[in-house]
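Have a look at the model first, then read on.

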Amino acid sequence: MIVSPDSEHIKKAAALLVAGELVSFPTETVYGLGAHALSEDACKKIYQLKARPPINPLIVHIWDIEQAKSLIDPNCSRETIEVFYTLALFWPGPLTIVMPKSSVVPSIVSGGTDSVGIRIPNHPVALTLLHEAGIPVAAPSANISNYVSPTTAQHVYENFGEKIGMILDGGMTSIGIESTVISLLDPSKPAILRPGAITQEMIEETLGFSISNQKGSAMDAPLSPGLLPIHYAPHTKLVFVSKVDLDTLMGQKIGYIAFSEGKNLAYDFSSIIVLSHNNNLSEIAAKLYSALQEMDSQELDLIVIDECIESGVGEAIMDRLNRAIKRFK
Ligand code: TXA
Ligand code: MG
């Protein structure tokens, strides 16, 4: 059931989480499918409902940095803790920090690894819910595994229907793509496992030294399965518009997702969605998944989409699109 995020519903949602039930809630990135992070049984429900591979760890959401202390290995090095607190300057925000985990974090949450991904989301509904529940909440994106992440409550409902007790409706998410994931398992070499709205340049500027960017490297797959080559994909075939010869596809039902206005392609598209007037990368990211899901509901033969530069937020946009498109290769 989709409900408005008033204080009564948030209280009910918090009680459901504490009782080990699943609740979907908005964050600034995408909607999450939350469960009590310290309850193995509750987290099991996430994996079952999403059909998620058990090796894919869950991000633990907290509302206050004090809560992180119990989740992190008490023996982890001073250096790791220092870098952690520096990166926590991005919180609340779209950054997930992977740390050595303490024993309270069940291995189902860590995908069998010794680490835990932690994040304080920057959304009033998420923060109120987490505060009210008073427990850390494990939450992957609220979609069936490998499908496009939800940026509206309606998207969550389309994935799961009535199987989730409560979906808190916070409107469309503002950032639109999942958080940046950074690993501090080797604190001298922080590594970006998944690019997002907090960019490599922003992190390097805050840390004062350069970091490694492992995105796209297949060998990282066991570490961060969000990096598996195929992910985030719609059901309808998706290709970059630059890679198709539209002349050979006359008569097909094709949808075009344009990144900016003014490109007049010589094709009678069944549907066109323009994501930004002027190629603004944050705007493109915010509307991207919504556009993919809208096009996916139109029974098209093909979706064609623009590309953007792979720097700043453009890196995350192209990362998600390349993974989605791999499904159709
Ligand atoms: O923006 C987001 O991060 C959203 C919202 C709901 O917070 N959540 C999200 O969760 O995107 P999910 O499960 O769809 O993606 C989590 C990513 C996966 O690629 C996972 O492998 C990685 O984070 N991850 C989580 N814990 C990790 C860990 N301990 N080690 C390495 N990677 C981890
Ligand atoms: Mg996901």
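1. In helix α9, the buried residues are V313, G314, E315, A316, I317, M318, D319, R320, L321, R323, A324 and I325; buried means under 20% relative accessible area with a 1.4 Å probe, protein chains only. That is 12 of the 14 residues, so α9 is largely enclosed by the rest of the structure. This is a predicted model, where local features need pLDDT of at least 70, side-chain atom pairs count only at pLDDT 80 or more, and totals for chains, interfaces and linings use all residues. Side-chain values use heavy atoms, without hydrogens or water, residues are numbered from 1 along each chain as its sequence is written, and chains are lettered from A and ligands numbered from 1 in the order written.

2. What covers α9? Its buried residues are covered by elements including β10 (191-194), β12 (238-240) and α8 (281-296); contact means heavy atoms within 4.5 Å. Helices (H or I, at least four residues) and strands (E, at least two) are DSSP runs, numbered from the N terminus.

3. α8 packs on α9 at about 30 degrees, with axes 9 Å apart; axes are lines fitted to C-alpha atoms, for helices over the stretch in contact, and angles run from 0 to 180 degrees between N-to-C directions. On the α8 side the contact includes L281, I284 and L288, and on the α9 side I317 and L321.

4. Elsewhere, α4 (residues 78-87) and α7 (residues 200-207) pack at about 120 degrees, their axes 10 Å apart. Here V83, T86 and L87 of α4 meet I203, T206 and L207 of α7.

How values were computed: Buried < 20%, exposed > 50% of the residue type's maximum accessible area, 1.4 Å probe, protein only.
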